[in-house]
Amino acid sequence: MQPSVEQVWEWLDAVPDPEIPVISLVDLGIIREVAWRNDTLTVAVTPTYSGCPATSIINLDIETALRGHGIEKLELKRQLSPPWTTNWLSEKGREKLEKYGIAPPTAAGGPERCPQCGSVDLKKVSQFGSTPCKAAWRCNDCLEPFDYFKCI
Amino acid sequence: MDASLFQYLLRLGDNTLVLGHRGSEWCGHAPVLEEDIALANTALDLIGQTQLWLGLAAEVEGKGRDADQLAMQRDIWDFRNLLLVELPNGDFGRTLMRQFLFDAWQVINLGRLMNSSNPRVAEIAAKASKEAAYHVERSADTVVGLGDGTEESHVRMQAALEYLWPYVGEMFLGDEVDAAMVAAGIAPDPASLRAEYDALIGRVIKTATLEIPDSSFAHKGGKTGAFHTEHLGHMLCSMQWLQRAYPGASW
């Protein structure tokens, strides 16, 4: 019997992002479609950044998880369009990011508050950070550096 | 058509490949850690875009090659990048000035390519243009910071602009490949990007208290492959040596 598409989404929601393991691939918004084509399960995945080295690990993790749930015929598709945007981050994912110490993206282009102490007195250190999806910021109150999830 | 499209895609992919490699040469050498990370991140985006452009080029060519083979197993005369991107890095200021002069063109060109009649080209352009917008924001900021910085940084940035300026004109020269792309609605006429480009860099260069040289002389030959500088060969020696020594090696 085929597991339902909803079931597969649930399984994928348990696969952590390899770089930021507190959020799932579903939270990240990169799973664009889950569907059955006859007896083959197809999963469409969109890259965050075109050169993100985590992309191949993500595909491997998806495959490992779904095979573990007994999926035999699986097709992973790379979907470029429409391009990934941080608007696709789930509400749950944004909360987990902040709790983990990464400020979630905002349309204003900078963090709303320090994920450590909540201060709004912040300074950008660099537009780039430890992974392609993050920028480096610092809190002027608690003086802690922190990652900001870039808004694109 | 496919032969022209192949050439056009090589131009896009070789620009990002060569500039991406140049950027990566700074890894571990930049003046401060944040700039090191920024250069490496920008280089990574460019190499990612290269995989998309050269991947599509290989499909269009239809000879069983892939992006890796196009990147690592072609020789100098088969490269189709602008001369600007193959020039040696020079100092940090020159590297960032070149990045800005390229980013400004890239962001405008990708904006047009998003409306390409070829959906594969359009979707790659849409993806890459988000990254390019981020790059130009940063390289423009750095050009302003260094141009309108100390006496020494100002002098170096003006010198960088004067050195690089003769390589800017090639971006806007068209040939029969471009004409075929325009006719098919795949890509814009390069000359049609000039006004927007001049306006964008004019604003930034002025804010940076620098002066654009009064010369329209343009070195050419990179994008057509007719004539590269000697620097590209040296760069390929280090970039390609492993795949040349051990073709197809993987790990």
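The model is predicted: local features need pLDDT of at least 70, side-chain atom pairs count only at pLDDT 80 or more, and totals for chains, interfaces and linings use all residues. Residues are numbered from 1 along each chain as its sequence is written, chains are lettered from A in the order in which they are written, and side-chain values use heavy atoms, with hydrogens and water left out.

**Domains of chain A**
- Chain A comprises domain 1 (5-84) and domain 2 (89-149), with bounds from an automatic or database domain assignment.
- Thirteen residues from domain 1 of chain A and 13 from domain 2 of chain A form the contact (heavy atoms within 4.5 Å).
- The C-alpha centres of these two domains of chain A are 26 Å apart.

**Interface of chain A**
- Domain 1 and domain 2 of chain A bury about 1100 Å² between them, 70% of it on carbon and sulfur atoms (accessible area, 1.4 Å probe, lost on being put together, summed over both parts).
- On the domain 1 side, Ile20(A), Val22(A) and Asp27(A) lose the most area to domain 2 of chain A, together 49% of what that side buries.
- Three salt bridges are counted between the two domains of chain A (Lys or Arg side-chain nitrogen within 4 Å of an Asp or Glu carboxyl oxygen).
- Asp27(A) and Lys92(A) form a salt bridge through their side chains (2.9 Å, N to O).

**Thr16(B)**
- Thr16(B) is buried, with a relative accessible area of 1% (buried means under 20%, 1.4 Å probe, protein chains only).
- Contacts of Thr16(B), leaving aside neighbours within four places in sequence, include Leu46(B), Trp53(B) and Gln106(B).
- The Thr16(B) side chain reaches the backbone oxygen of Gly13(B) at 3.0 Å.

Technical notes
Buried area = accessible area lost by both parts, 1.4 Å probe. Buried < 20%, exposed > 50% of the residue type's maximum accessible area, 1.4 Å probe, protein only. Polar contact = N/O pair within 3.5 Å; in protein donor to acceptor, adjacent residues only side chain to side chain.
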